[in-house]
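Hi,

Here is the structure I promised to pass on. Have a look first, and my notes follow below.

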Amino acid sequence: MSNNIRDRIARYTALDAPVGFEEPVLLAARDELTECCERVEVDLRGNVYAYQTGTDANAPRVMITAHADEIGFMVTSILAEGFLRFTKLGHPTDTVLPGQRVRVLVDGKPVEGVVGVKPAHILSVEEARQIPPLDEMYIDIGATSDEEAASWGIEAGTSITYVGELIQTRNEHRCFGKCVDNRAGIVALLEIAQRLQDKPCAASVVYVVAVEEEIGLRGAEVAAKHVEPDVLFVLDTVPSGGTPDLRPDELPWDIGKGVLLKVREVKGLSTHRPLRELVRATADAHDIPYQWIVDTAGITDATSAQQASGDIAAMVIGIARRYAHSASEMFDIRDVQAQIDLTVHATSHITSTEQLNRV
Ligand SMILES: [Zn+2]
């Protein structure tokens, strides 16, 4: 099972789909959802919706969502010598950029490149400690002039991603690569849809592959208004602790220790309390490992969806991954398995609106 999930994540992380350029993931996910859902539709923004009707028309409606996009970059101009200036799509980490391999996404024929870095030999001690500001960084694609770069199809607005294929570590459970955030979530969503097709639940379920999360949680906000669910499960990644550069109390959770359940996103989401207890009871009943977390820094689509749709019980069922927003995000496949199992069982346990009453 885990090998299947790993191979599927490898396939989805190999797709290049930065914010606003999510089509490769949308197309692949749409095709797979068409196989296991009754109806699939796509809105103007690009959000993919897939529907499974439950066995009880009075049961709450459940929306399960994962975002399709990844962080990346965008060409802002081509210098006379053929180098590219660029801006960010979302929030890649500046410290990892110098020397980073990237792919410029020209339709049909991607152009490989590298973010330039000054030779260590000529840097002063002071300079060697500093990251250049973004507007001084550049991408070298091997072009010798702006005409040559333009002839390869590059222009202002061309998008760029990290290069970083999924690598299996010697530990059979741990892998790293680009855009584990959130292709792991997309794969979890597809696995959940297939499991619930075989074993329909009382609730009707709408699966949403959402766009534009990394620049302001935008697609899910539109989707929540469209679907008007009673219950929302957001499948996403969360920055992990457990590394030597973090105090244990900074991010007190780690990879390989179970699915992450958010009590709060301090900048937004307040997790619905009865839903939280339903999920806790489900995890306990099925021996699924979990870690409760209070996210003081990050937000997910659960925040925007909760704000957009109002009367909704929302929750994040996430996984930890180290080295967030680098080209080498490390995660533990067992956490993805726990995310899938818990979401499947919790959705099956949602049978009546009374379960969601707060008082
Ligand atoms: Zn994410």
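α6 and α8 are oblique to each other, because their axes cross at roughly 40 degrees and oblique is what remains after under 35 degrees (roughly parallel), over 145 (roughly antiparallel) and 65 to 115 (roughly perpendicular). The axes come within 8 Å; they are lines fitted to C-alpha atoms, for helices over the stretch in contact, with angles running from 0 to 180 degrees between N-to-C directions. The helices, like the strands, are DSSP runs numbered from the N terminus (H or I, at least four residues; E, at least two for strands).

On the α6 side the contact uses A220, E221, A224 and K225, and on the α8 side D301, S304, A305, A308 and S309 (contact: C-beta atoms, placed from the backbone, within 7 Å).

One caveat: this is a predicted model, so local features need pLDDT of at least 70 and side-chain atom pairs pLDDT 80 or more, while totals for chains, interfaces and linings use all residues. Residues are numbered from 1 along each chain as its sequence is written.

Back to α8 (residues 301-309): it's mostly covered, with 7 of its 9 residues buried (20 or more other C-beta atoms within 10 Å of a residue's own; exposed is 12 or fewer, partly exposed in between; C-beta atoms placed from the backbone). Those buried residues pack against α6 and several strands, including β3 (61-67) and β16 (313-321).

Overall, the chain has 9 helices and 17 strands, and 50% of its 359 residues count as buried.

Cheers

Methods: Two residues are in contact if their C-beta atoms, placed from the backbone, lie within 7 Å.
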